[in-house]
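Please keep the sequence and the model in view while reading.

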Amino acid sequence: MDGFVDVHSHVVPSGDDGAEGIEDGLALCRMAFEAGTEVLFATPHAHAPWDTFPRTAERDTAYDTALPVMQREVAKWGLDLRRGWEVYPTVVAPENVEEYRLEGTRGVMIEFPGSWLDLDDSIEIVTEAGRIVEAAGLLPVFAHPERCRAVAEDPKCVRPLVERGWLLCANAPSFLGRHGPTAERTVWGLLDTGQIALAASDGHTHGRPPVLDDAYAFVRARRGEVIARRLFTGSALPWS
Ligand SMILES: [Fe+2]
């Protein structure tokens with residue numbers, strides 16, 4: 001099969017909770033490549049100002065410095081490393097949305113608020129972010145909806161997003177139960193109701209690696225090759 005497309009990772013050092021430096025990032029890229037990934041998007045956190053990893057000038061400099069160095073190095077192996085962000089919904093605005101674009105696509109990855117944030121308005125804020133992205137002629141790609149409390153409690157709440165043609169991108173480890181039983185149950189339910197467009201690693205570290213081969217094999221064994229290939233090869237992405 002063609003290689004995997006992993007649209008969500010923290011393999012390029014940016015001062016978030018992913019790679020600690022270029023050497024560490026290259027080791028993570030090597031893991032991804034050896035596990036079958038051909039296209040890997042770096043998507044550092046762009047958190048809300050009140051959260052752990054908002055963008056700063058220092059973080060932007062670290063990212064902008066490391067990314068081209070790493071791109072050149074991994075290209076020698078045959079790995080296509082691309083620029084992106086994982087942006088928190090309230091950070092997205094008409095004046096900044098273009099800079100969050102996933103390189104070579106019309107997609108913008110928006111973070112679904114995780115259950116650890118204990119919000120009551122998750123669906124409202126991701127929907128508003130989606131509207132802003134769409135109004136700019138781009139397509140929202142929502143990261144890990146299955147890890148959001150509102151979605152776990154009422155999975156139907158994401159149906160309006162999917163009906164607009166917006167993409168839900170599950171974390172591949174959720175299929176394996178690595179984000180806990182609630183996310184596991186939720187992600188399989190979303191998949192079996194036709195609502196998951198993509199699966200990505202959200203790889204951060206050697207302990208939470210940017211690999212897709214194990215989840216791909218698991219999904220293929222349970223739901224068949226056609227479904228697994230669609231999720232893991234980026235076929236739903238709006239390539240440009
Ligand atoms: Fe992430």
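The model is predicted, so local features need pLDDT of at least 70 and side-chain atom pairs count only at pLDDT 80 or more, while totals for chains, interfaces and linings use all residues. Residues are numbered from 1 along each chain as its sequence is written, and side-chain values use heavy atoms, with hydrogens and water left out.

**Iron site**

The iron ion has His-8 (NE2), His-10 (NE2), Glu-86 (OE) and Asp-202 (OD) as protein donors, at 2.0 to 2.3 Å. Donors are N, O and S atoms within 2.8 Å of the metal (3.2 Å for Na, K and Ca); water is not among the atoms, so sites may look incomplete. The spacing of the donor residues in sequence is H-x1-H-x75-E-x115-D. His-10 belongs to the loop between strand E1 (4–6) and helix H1 (22–34), and Glu-86 to strand E5 (residues 86–87), so this pair ties together parts 76 residues apart in sequence. Helices (H or I, at least four residues) and strands (E, at least two) are DSSP runs, numbered from the N terminus. Both His-10 and Glu-86 are buried, where buried means under 20% relative accessible area, exposed over 50% and partly exposed in between (1.4 Å probe, protein chains only).

**Helix H3**

Among the buried residues of H3 are Ile-123, Val-126, Ala-129 and Val-133. The buried residues of this helix pack against strand E6 (107–111), strand E7 (139–143), helix H4 (149–153) and helix H5 (159–163); contact means heavy atoms within 4.5 Å. Just after H3, Gly-137 has a positive phi of about 80 degrees.

**Aromatic rings**

The whole structure holds twelve aromatic pairs. Rings of Phe, Tyr and Trp (its six-membered ring) pair if their centres lie within 6.5 Å; planes under 30 degrees apart count as stacked, over 60 as edge-to-face and the rest as tilted. Two of the pairs are tabulated.

| Pair | Centre to centre | Angle between planes | Type |
|---|---|---|---|
| Phe-33 and Trp-77 | 6.1 Å | 45 degrees | tilted |
| Tyr-63 and Trp-85 | 5.1 Å | 70 degrees | edge-to-face |

Tyr-63 lies in helix H2 and Trp-85 in the loop between E4 and E5, so their pair ties together parts 22 residues apart in sequence. Tyr-63 and Trp-85 are both buried, whereas Phe-33 counts as partly exposed because its relative accessibility is 25%.
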